[in-house]
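Here is a short report for a first look. Please keep the sequence and structure in view while reading.

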Amino acid sequence: MPDKIKTNYNKALEAERAAEYEALNNPLHGIWTIANRELKKWYRVPLLLIMTLIQPIIWLGLFGKAANFGSLFSGASFNIPGVNIPASVLNNLGNTLLTNTFGTTSYFSFLSVGMLVFVIVFAAMFSGMSIVWDRRLGYLNKILSAPIPRGSIVVGKVLSGVVRSLAQAAIVLIVAVVLGMDTSYINPVSLLVAFAAMFLLALSLSSLFTMLALRSKDWQTQMTIMNLLNLPLIFASNALFPTKIMPSWMQTIVAINPISYAVDAGRQALLGIAGANPLWFDFLYLTVFSIIMVAVGMILSLRYLSK
Amino acid sequence: MANKNAIIEVKNLTKVFDNKVKAVDDISFNINYGEIFGFLGPNGAGKSTTINMLTTLFPPTSGTAMVCGYNISKEPMEVRKSIGTVPQDYTSDSDMTGQEYIIFCADLYGIPRNIAVPRAAELLKLVSLQDVAKNKIDSYSGGMRRRFELACGLINRPKLLFLDEPTLGLDVQTRTAVWSYITKLKKEYSMTIFLTTHYLEEVDALCDRVAIIDHGKIVKMGTPKELKAGLGGDIIEIGIKETSINISDRILKIKNVKDVKRSGGEYRIKAKNGEELAPKIIDLILKNKYHITKIFLTKPTMDEVYLEYTGKSIRNEQSDKDAQFRQLHTIRTARM
């Protein structure tokens, strides 16, 4: 290269460098870039998205519809021989029973909110999986050698997990409404409250599982941990059945399980059911839990990434 | 700073894993601006560990290095800004298009779109991929993929480029093409290149200087020519029909001949500048009216240099599962 061109080239280079470095001064630099890549991989493969939603939709459509507790206690299905109780009394009795147990006469609606949270738990657990592959394929080293703070890499990953979880929950909510979920309490405010609770749960679980994935030796281990945890966590919560019909030892577990608090908050908001706890307490519990999980997840991830 | 010609200054760099495995053991060396520097060594010799420290993937246990004028332990972000890395593995997302992925790389470096888009176009043109920019990366062949990774590593206009095994698994034609891109980079952008490879002819073809690392220590450093000359020169093997006559003494008298070994009519001559010496030996034989039955000239290759300093024993590879998987994946992708 002739010297003059070279000087001009170098000058242009310096000007460009200044512009680049300015963007790097932004402490949030890189978070969205990383989260966006993850999300692209996800929404570009609609088949995968549909596959992950099939399970919760089957739960809703088959389990939710089959467990039609309302029909057990209606005047059409049940009576005591000899004592001719009028159907309306039985219907009334049935509705009271259901409302006492589930807080609503529609078990399907009760279950729908549980399923929203189920989707959150499932998706958040998967948020760590991509990092296992990123490490295997060497992609993680590529980002680690780019000028992005280590923390932003973890935050970007967690953020994509949260967005993905909430988006899936939104889709399941739409399906639930189509299948007959009670919509009388759904309005912008109640949606905001329910999704805020789910956001906190997604944030905490995504941080936890991203950290586990970073440190786990292979993806099989990670899958095993996930499969081991997800159903017990759901069954030992109020997602499928109300806490008060459970044995007392199980009630203790449910009271610790953060999933219960997200479900409780969601039901109070979306179905107008009187919750097990006041709404503020649900949020307090979820906030404290996510602060702890995010802190632990971040500290351990950062320590791993800078070893 | 001690040396203003040096773009990399490594001082007593040491890395100990888990308090026991000394992967890199107190190494020091300099790399000058504009050099193509080859870094050789068997698997597990400490090559990757050194590169990972220089590219700030993890900090050294002790010692330090200045890269592009910044301390790798104290100013890792500054180092990352000024270097480019092309990892051995194919790290690009195969489900994105080339254009999308290179812009994603630009985003990682905070390069604004108005600069990133024309620069990406320029780089893709440099590696002759401008026509396939809109295609998905998984439609690229191994060689295209490697060239693409090269372009991605240049997106921040680095002063220093780390190339880790740039031709692993590629066929000879593609390998030669990749070499020509590397020399082009050096020329057009006056870039310094730190290169690791297992193909020793690559070192010969590209590198200005070479360091051989083994058991965490640098065992030899110099230009490829120096290293080869250091082995003691060329070998000329010559045979004459007159098996009963000994001409060893007469050959030894020729300038630059270091050693002659005779067995019957066959002579094995160690010498400097073998190609100039061989005609002189032939002259000597013909003048004496002897008859040449065969002649053979071998010059030392980098392979011999390498084996000389690292020994012939095969190493027990101690790489983790992830590293093994990555290498297999890389070779598989290269062969596509």
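Which side chain meets B:Asp204 in a salt bridge? The partner is B:Lys228, at 3.0 Å from N to O. B:Asp204 lies in helix α7 (residues 200-206) of chain B and B:Lys228 in helix α8 (residues 224-229) of chain B, so this pair ties together parts 24 residues apart in sequence. B:Asp204 is partly exposed, with a relative accessible area of 34%. B:Lys228 counts as buried, at 18%.

## Model and confidence

This is a predicted model. Chain A has a mean pLDDT of 85, and 93% of its residues reach 70 or more. Where pLDDT is low, the predicted coordinates should not be read in detail.

## Chain B in outline

Chain B has 12 helices and 14 strands. Its C-alpha trace spans about 80 × 50 × 40 Å along its principal axes. Of its 336 residues, 53% count as buried.

Over all chains, the structure holds 23 salt bridges. One of them joins B:Arg209 to B:Glu35, with the closest N and O atoms 2.4 Å apart. B:Arg209 lies in strand β9 (residues 209-214) of chain B, and B:Glu35 in the loop between β2 (21-32) and β3 (36-40) of chain B, so the pair ties together parts that are 174 residues apart in sequence. B:Arg209 is buried, at 18% relative accessible area. B:Glu35 is buried too, at 8%.

B:Glu122 and B:Arg157 also meet in a salt bridge, 2.8 Å from N to O. B:Glu122 lies in helix α4 (residues 113-126) of chain B. B:Arg157 lies in the loop between α5 (142-153) and β7 (160-164) of chain B. B:Glu122 counts as partly exposed, at 34% relative accessibility, while B:Arg157 counts as buried, at 11%.

A network of salt bridges links A:Arg37, A:Glu38, A:Lys41, A:Asp134, A:Lys157, B:Asp93 and B:Asp95.

## Surface patches

Chain A carries a nonpolar surface patch of about 770 Å². Its members include A:Val45, A:Leu48, A:Ile54 and A:Leu62. A:Ile54 sits in helix α3 (residues 46-66) of chain A. This residue counts as partly exposed, at 36% relative accessibility.

Chain B has a positive surface patch, formed by B:Lys255, B:Lys258, B:Lys270, B:Lys272 and B:Lys280. B:Lys255 is in the loop between α9 (248-252) and β12 (257-263) of chain B. At 66% relative accessibility, B:Lys255 counts as exposed.

How values were computed. Residues numbered from 1 in each chain as written. Chains lettered and ligands numbered in written order. Heavy atoms only, no water. Patch = residues over 30% accessible without salt bridge, like charges linked within 9 Å, V, L, I, M, F, W, Y side chains within 5 Å. Areas by Shrake-Rupley, 256 points an atom, 1.4 Å probe, with all protein chains shown as cover. Salt bridge = Lys/Arg side-chain N within 4 Å of Asp/Glu carboxyl O. Lys, Arg positive; Asp, Glu negative; His and termini not counted. Charge placed at Lys NZ, Arg CZ, Asp CG, Glu CD. Helix = DSSP H or I, 4+ residues; strand = E, 2+ residues; numbered from the N terminus. Buried < 20%, exposed > 50% of the residue type's maximum accessible area, 1.4 Å probe, protein only. pLDDT = per-residue confidence, 0-100.
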